[in-house]
Amino acid sequence: MPGTMDWNKLWQDARTRKTWKKKKKGDWDRRAAGFAKRNRDSDYAEQFLQLMKPQSHWRVLDVGCGPGTLAIPMAGQVKSVTALDFSSAMLNELRQKAIDKKISNVYPLQACWTDNWLELDIQPHEVAVSSRSLSVFDLKGALEKLNSWALEKVFIADRLGSGPFDPDLFAALNRPFDPGPDYIFTVNILYQMGIHPSIDYIEVDSEKTFRSRDEAVAGCRWMFDDLSPAEEKNLAAFVDERLEKKKDGHFSLKRRLPVKWAFISWNK
Ligand SMILES: C[S@@+](CC[C@H](N)C(=O)[O-])C[C@H]1O[C@@H](n2cnc3c(N)ncnc32)[C@H](O)[C@@H]1O
(Lines give C-alpha, C1' and ligand atoms only; values in the text may rest on other atoms or scores of the structure.)
Protein backbone atom coordinates (compact mmCIF):
# COMPACT_ATOMS: atom_id res chain seq x y z
CA MET A 1 0.00 0.00 0.00
CA PRO A 2 1.74 3.22 -1.14
CA GLY A 3 -0.15 5.19 1.53
CA THR A 4 1.31 3.30 4.50
CA MET A 5 4.82 2.28 3.46
CA ASP A 6 7.69 4.27 4.96
CA TRP A 7 9.32 5.35 1.70
CA ASN A 8 11.91 7.49 3.49
CA LYS A 9 13.10 4.43 5.45
CA LEU A 10 13.06 2.28 2.28
CA TRP A 11 15.14 5.00 0.56
CA GLN A 12 17.63 5.02 3.43
CA ASP A 13 17.93 1.20 3.42
CA ALA A 14 18.37 1.04 -0.37
CA ARG A 15 21.12 3.69 -0.21
CA THR A 16 23.30 1.49 2.00
CA ARG A 17 23.60 -0.99 -0.91
CA LYS A 18 24.52 1.47 -3.66
CA THR A 19 27.90 1.41 -5.35
CA TRP A 20 28.38 5.19 -5.44
CA LYS A 21 28.62 5.99 -1.74
CA LYS A 22 27.49 9.24 -0.18
CA LYS A 23 29.84 12.04 -1.17
CA LYS A 24 31.02 14.45 1.48
CA LYS A 25 31.80 18.11 0.92
CA GLY A 26 35.50 17.38 0.28
CA ASP A 27 34.63 14.77 -2.37
CA TRP A 28 32.49 17.30 -4.25
CA ASP A 29 35.24 19.93 -3.90
CA ARG A 30 37.68 17.54 -5.60
CA ARG A 31 35.18 16.77 -8.35
CA ALA A 32 34.16 20.38 -9.06
CA ALA A 33 36.49 21.15 -11.99
CA GLY A 34 35.91 17.77 -13.71
CA PHE A 35 32.15 17.98 -13.18
CA ALA A 36 32.03 21.51 -14.63
CA LYS A 37 34.07 20.39 -17.65
CA ARG A 38 31.88 17.34 -18.35
CA ASN A 39 28.75 19.49 -18.21
CA ARG A 40 30.04 22.10 -20.62
CA ASP A 41 29.39 19.81 -23.60
CA SER A 42 26.05 18.41 -22.46
CA ASP A 43 22.61 19.69 -23.50
CA TYR A 44 21.16 18.75 -20.09
CA ALA A 45 20.70 22.39 -18.98
CA GLU A 46 19.04 23.33 -22.27
CA GLN A 47 16.53 20.48 -21.91
CA PHE A 48 15.86 21.28 -18.24
CA LEU A 49 15.22 24.97 -19.01
CA GLN A 50 12.94 24.10 -21.95
CA LEU A 51 10.72 22.11 -19.58
CA MET A 52 11.00 24.68 -16.75
CA LYS A 53 10.03 27.71 -18.90
CA PRO A 54 11.67 30.36 -16.66
CA GLN A 55 9.69 33.57 -16.04
CA SER A 56 11.13 37.05 -15.59
CA HIS A 57 9.57 37.69 -12.14
CA TRP A 58 11.00 34.51 -10.58
CA ARG A 59 13.55 34.52 -7.77
CA VAL A 60 14.94 30.98 -7.95
CA LEU A 61 16.52 29.01 -5.11
CA ASP A 62 18.83 26.46 -6.80
CA VAL A 63 19.76 23.88 -4.12
CA GLY A 64 22.93 21.89 -4.85
CA CYS A 65 23.61 24.26 -7.74
CA GLY A 66 27.08 22.82 -8.46
CA PRO A 67 29.18 24.88 -10.90
CA GLY A 68 26.08 26.77 -12.04
CA THR A 69 24.88 24.23 -14.62
CA LEU A 70 21.41 25.83 -14.48
CA ALA A 71 21.98 29.02 -12.49
CA ILE A 72 24.24 30.58 -15.15
CA PRO A 73 22.12 29.91 -18.28
CA MET A 74 18.94 30.73 -16.31
CA ALA A 75 20.18 34.09 -15.00
CA GLY A 76 19.21 36.08 -18.09
CA GLN A 77 15.64 34.74 -18.00
CA VAL A 78 14.71 35.26 -14.32
CA LYS A 79 14.89 38.05 -11.73
CA SER A 80 17.62 36.39 -9.62
CA VAL A 81 19.09 33.05 -8.60
CA THR A 82 20.23 32.10 -5.10
CA ALA A 83 22.80 29.41 -5.85
CA LEU A 84 23.15 27.19 -2.78
CA ASP A 85 25.79 24.47 -2.45
CA PHE A 86 27.94 23.10 0.39
CA SER A 87 31.03 22.80 -1.83
CA SER A 88 33.19 25.94 -1.96
CA ALA A 89 34.99 24.63 -5.08
CA MET A 90 31.67 24.24 -6.94
CA LEU A 91 30.70 27.78 -5.92
CA ASN A 92 34.08 29.09 -7.11
CA GLU A 93 33.44 27.53 -10.53
CA LEU A 94 30.06 29.28 -10.55
CA ARG A 95 31.55 32.65 -9.45
CA GLN A 96 34.15 32.52 -12.24
CA LYS A 97 31.50 31.77 -14.87
CA ALA A 98 29.34 34.64 -13.59
CA ILE A 99 32.34 37.01 -13.87
CA ASP A 100 33.23 35.74 -17.38
CA LYS A 101 29.66 36.23 -18.56
CA LYS A 102 29.14 39.52 -16.66
CA ILE A 103 26.19 38.09 -14.72
CA SER A 104 25.23 40.06 -11.61
CA ASN A 105 21.93 38.48 -10.46
CA VAL A 106 23.30 35.11 -9.26
CA TYR A 107 24.03 35.03 -5.52
CA PRO A 108 26.23 32.12 -4.34
CA LEU A 109 25.48 30.81 -0.86
CA GLN A 110 27.56 28.15 0.87
CA ALA A 111 25.12 26.02 2.85
CA CYS A 112 23.99 22.44 3.33
CA TRP A 113 20.60 20.75 2.82
CA THR A 114 20.54 20.02 6.54
CA ASP A 115 21.48 23.51 7.80
CA ASN A 116 18.80 25.57 9.51
CA TRP A 117 17.72 27.74 6.56
CA LEU A 118 15.67 30.01 8.81
CA GLU A 119 18.75 30.84 10.88
CA LEU A 120 20.66 31.47 7.63
CA ASP A 121 17.87 33.93 6.74
CA ILE A 122 17.12 32.19 3.42
CA GLN A 123 13.88 33.78 2.25
CA PRO A 124 11.13 31.97 0.35
CA HIS A 125 11.60 32.23 -3.44
CA GLU A 126 8.98 32.01 -6.21
CA VAL A 127 10.71 28.82 -7.36
CA ALA A 128 12.82 26.12 -5.68
CA VAL A 129 15.00 23.82 -7.79
CA SER A 130 16.97 20.69 -7.03
CA SER A 131 18.77 19.44 -10.10
CA ARG A 132 20.55 16.10 -9.64
CA SER A 133 21.24 17.08 -6.03
CA LEU A 134 18.91 14.86 -4.01
CA SER A 135 21.64 12.51 -2.85
CA VAL A 136 20.65 13.01 0.79
CA PHE A 137 19.93 10.72 3.75
CA ASP A 138 16.65 12.41 4.71
CA LEU A 139 14.89 12.63 1.34
CA LYS A 140 11.53 13.51 2.89
CA GLY A 141 13.13 16.35 4.88
CA ALA A 142 14.75 17.73 1.70
CA LEU A 143 11.46 17.57 -0.24
CA GLU A 144 9.57 19.28 2.59
CA LYS A 145 12.22 22.02 2.60
CA LEU A 146 11.97 22.60 -1.16
CA ASN A 147 8.19 22.70 -0.90
CA SER A 148 8.15 25.18 1.97
CA TRP A 149 10.74 27.52 0.43
CA ALA A 150 8.83 27.77 -2.88
CA LEU A 151 5.99 30.25 -3.32
CA GLU A 152 4.90 29.20 -6.84
CA LYS A 153 6.65 26.12 -8.20
CA VAL A 154 9.16 23.37 -7.46
CA PHE A 155 11.33 21.66 -10.11
CA ILE A 156 13.42 18.56 -9.47
CA ALA A 157 15.64 16.47 -11.74
CA ASP A 158 16.14 13.05 -10.20
CA ARG A 159 18.07 10.00 -11.37
CA LEU A 160 16.25 7.32 -13.35
CA GLY A 161 17.86 3.88 -13.09
CA SER A 162 21.60 4.00 -13.58
CA GLY A 163 21.51 7.74 -14.42
CA PRO A 164 24.94 9.02 -15.50
CA PHE A 165 26.70 5.72 -14.66
CA ASP A 166 27.36 3.20 -17.40
CA PRO A 167 26.50 -0.37 -16.27
CA ASP A 168 28.39 -1.73 -19.32
CA LEU A 169 31.60 -0.17 -18.01
CA PHE A 170 31.11 -1.64 -14.54
CA ALA A 171 30.57 -5.04 -16.17
CA ALA A 172 33.73 -4.61 -18.28
CA LEU A 173 35.71 -4.01 -15.06
CA ASN A 174 33.98 -6.93 -13.29
CA ARG A 175 32.73 -4.49 -10.69
CA PRO A 176 29.34 -5.01 -9.04
CA PHE A 177 26.95 -2.16 -9.77
CA ASP A 178 23.94 -0.95 -7.77
CA PRO A 179 22.93 2.60 -8.64
CA GLY A 180 20.81 2.89 -5.50
CA PRO A 181 17.21 4.09 -5.20
CA ASP A 182 15.95 6.44 -7.91
CA TYR A 183 13.20 8.98 -8.62
CA ILE A 184 10.33 6.59 -7.90
CA PHE A 185 11.05 6.91 -4.16
CA THR A 186 10.80 10.70 -4.52
CA VAL A 187 7.44 10.38 -6.27
CA ASN A 188 6.11 8.04 -3.56
CA ILE A 189 7.21 10.36 -0.74
CA LEU A 190 5.59 13.30 -2.54
CA TYR A 191 2.39 11.25 -2.90
CA GLN A 192 2.37 10.71 0.87
CA MET A 193 2.88 14.46 1.33
CA GLY A 194 -0.31 14.99 -0.71
CA ILE A 195 1.64 16.25 -3.76
CA HIS A 196 0.85 14.80 -7.20
CA PRO A 197 3.60 16.11 -9.47
CA SER A 198 3.96 16.19 -13.24
CA ILE A 199 6.73 13.96 -14.53
CA ASP A 200 8.73 14.37 -17.71
CA TYR A 201 11.96 12.76 -18.80
CA ILE A 202 15.28 14.19 -19.94
CA GLU A 203 17.56 11.97 -22.03
CA VAL A 204 21.13 13.10 -22.64
CA ASP A 205 24.67 12.16 -23.58
CA SER A 206 24.08 8.87 -25.45
CA GLU A 207 26.87 10.16 -27.70
CA LYS A 208 29.57 12.47 -26.36
CA THR A 209 32.28 14.31 -28.24
CA PHE A 210 35.80 14.70 -26.83
CA ARG A 211 38.84 16.61 -28.01
CA SER A 212 41.20 13.72 -27.27
CA ARG A 213 41.32 10.06 -26.25
CA ASP A 214 42.56 11.10 -22.78
CA GLU A 215 39.54 13.35 -22.36
CA ALA A 216 37.26 10.43 -23.33
CA VAL A 217 38.96 8.21 -20.73
CA ALA A 218 38.51 10.94 -18.10
CA GLY A 219 34.84 11.17 -19.17
CA CYS A 220 34.43 7.59 -17.87
CA ARG A 221 37.06 7.50 -15.12
CA TRP A 222 35.03 9.74 -12.74
CA MET A 223 32.58 6.86 -12.10
CA PHE A 224 35.16 5.16 -9.87
CA ASP A 225 36.95 6.32 -6.74
CA ASP A 226 39.76 3.80 -6.84
CA LEU A 227 41.03 1.74 -9.78
CA SER A 228 43.89 -0.75 -9.77
CA PRO A 229 46.46 -0.47 -12.61
CA ALA A 230 44.81 -3.51 -14.26
CA GLU A 231 41.38 -1.87 -14.06
CA GLU A 232 42.80 1.38 -15.49
CA LYS A 233 43.95 -0.68 -18.49
CA ASN A 234 40.52 -2.31 -18.86
CA LEU A 235 38.84 1.08 -18.71
CA ALA A 236 41.13 2.43 -21.45
CA ALA A 237 40.44 -0.70 -23.56
CA PHE A 238 36.65 -0.21 -23.03
CA VAL A 239 36.95 3.36 -24.32
CA ASP A 240 39.22 2.42 -27.25
CA GLU A 241 36.75 -0.23 -28.42
CA ARG A 242 33.96 2.35 -28.64
CA LEU A 243 35.82 5.50 -29.64
CA GLU A 244 35.38 6.82 -33.18
CA LYS A 245 37.64 9.45 -34.66
CA LYS A 246 35.68 12.06 -36.58
CA LYS A 247 36.74 13.95 -39.70
CA ASP A 248 37.24 17.16 -37.67
CA GLY A 249 39.77 15.40 -35.39
CA HIS A 250 37.37 15.05 -32.45
CA PHE A 251 36.42 11.72 -30.88
CA SER A 252 32.92 10.39 -30.39
CA LEU A 253 31.92 7.90 -27.69
CA LYS A 254 28.53 6.19 -27.83
CA ARG A 255 26.75 4.48 -24.93
CA ARG A 256 24.39 1.55 -25.34
CA LEU A 257 22.14 2.89 -22.56
CA PRO A 258 21.25 6.60 -22.62
CA VAL A 259 21.44 8.76 -19.46
CA LYS A 260 17.93 9.52 -18.19
CA TRP A 261 16.64 11.95 -15.58
CA ALA A 262 13.09 12.33 -14.29
CA PHE A 263 11.91 15.95 -14.38
CA ILE A 264 9.44 16.31 -11.50
CA SER A 265 7.46 19.51 -10.97
CA TRP A 266 4.46 20.83 -9.09
CA ASN A 267 2.64 24.07 -8.35
CA LYS A 268 2.29 25.36 -4.81
C1 LIG B 1 25.58 16.13 -9.26
S2 LIG B 1 25.90 17.75 -8.67
C3 LIG B 1 24.58 18.66 -9.45
C4 LIG B 1 24.93 20.10 -9.74
C5 LIG B 1 23.91 20.87 -10.56
N6 LIG B 1 22.69 21.09 -9.84
C7 LIG B 1 23.65 20.13 -11.87
O8 LIG B 1 22.53 19.66 -12.10
O9 LIG B 1 24.59 20.02 -12.67
C10 LIG B 1 25.37 17.68 -6.98
C11 LIG B 1 25.67 18.96 -6.23
O12 LIG B 1 25.03 18.90 -4.96
C13 LIG B 1 25.91 19.40 -3.97
N14 LIG B 1 25.54 18.78 -2.70
C15 LIG B 1 25.61 17.47 -2.37
N16 LIG B 1 25.19 17.27 -1.11
C17 LIG B 1 24.85 18.51 -0.62
C18 LIG B 1 24.36 18.96 0.63
N19 LIG B 1 24.14 18.10 1.62
N20 LIG B 1 24.10 20.28 0.78
C21 LIG B 1 24.34 21.15 -0.25
N22 LIG B 1 24.82 20.79 -1.45
C23 LIG B 1 25.07 19.48 -1.65
C24 LIG B 1 27.30 18.99 -4.46
O25 LIG B 1 28.32 19.81 -3.91
C26 LIG B 1 27.16 19.17 -5.97
O27 LIG B 1 27.54 20.46 -6.36
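Trainee: In which loop is the place of Asp121?
Mentor: This is a predicted model, in which local features need pLDDT of at least 70, side-chain atom pairs count only at pLDDT 80 or more, and totals for chains, interfaces and linings use all residues. Residues are numbered from 1 along each chain as its sequence is written, and side-chain values use heavy atoms, with hydrogens and water left out. Helices (H or I, at least four residues) and strands (E, at least two) are DSSP runs numbered from the N terminus, and Asp121 has its place in the loop between S3 and strand S4 (125-131).

Trainee: Is Asp121 buried or exposed?
Mentor: Buried means under 20% relative accessible area, exposed over 50%, and partly exposed in between, with a 1.4 Å probe and protein chains only. Asp121 has a positive phi of about 60° although it is not a glycine, whereas most residues other than glycine have a negative phi. Because its relative accessibility is 54%, Asp121 counts as exposed.

Trainee: What is the relative accessibility of Lys102?
Mentor: Lys102 lies in the loop between helix H5 (88-100) and strand S3 (106-110), and its phi, near 55°, is a positive value in a residue other than glycine. Lys102 counts as exposed because its relative accessibility is 75%.

Trainee: Which residues is Ser265 in contact with, leaving aside its neighbours within four places in sequence?
Mentor: Ser265 has its place in strand S10 (residues 259-267) and is buried, with a relative accessible area of 15%. Taking contact to mean heavy atoms within 4.5 Å, and leaving aside those sequence neighbours, the residues that Ser265 touches are Val154, Phe155, Pro197 and Ser198.

Trainee: Why are the buried residues of H1 on the same side of that helix?
Mentor: In helix H1 (residues 7-15), the buried residues are Trp7, Asn8, Trp11, Gln12, Ala14 and Arg15. The arc is that of the directions from the helix axis to the C-beta atoms, and these residues lie on the same side of H1 because they cover an arc of only 165°.

Trainee: Which helices do the buried residues of H1 pack against?
Mentor: The residues concerned include Trp7 and Trp11. Their packing partners are helix H6 (139-149) and helix H8 (183-192).

Trainee: How many nonpolar, polar and charged residues does the shell around the ligand have?
Mentor: Ala, Val, Leu, Ile, Met, Phe, Trp, Tyr, Cys and Pro count as nonpolar, Asp, Glu, Lys and Arg as charged, and the others, Gly among them, as polar. By that scheme, the shell has nine nonpolar, six polar and two charged residues.
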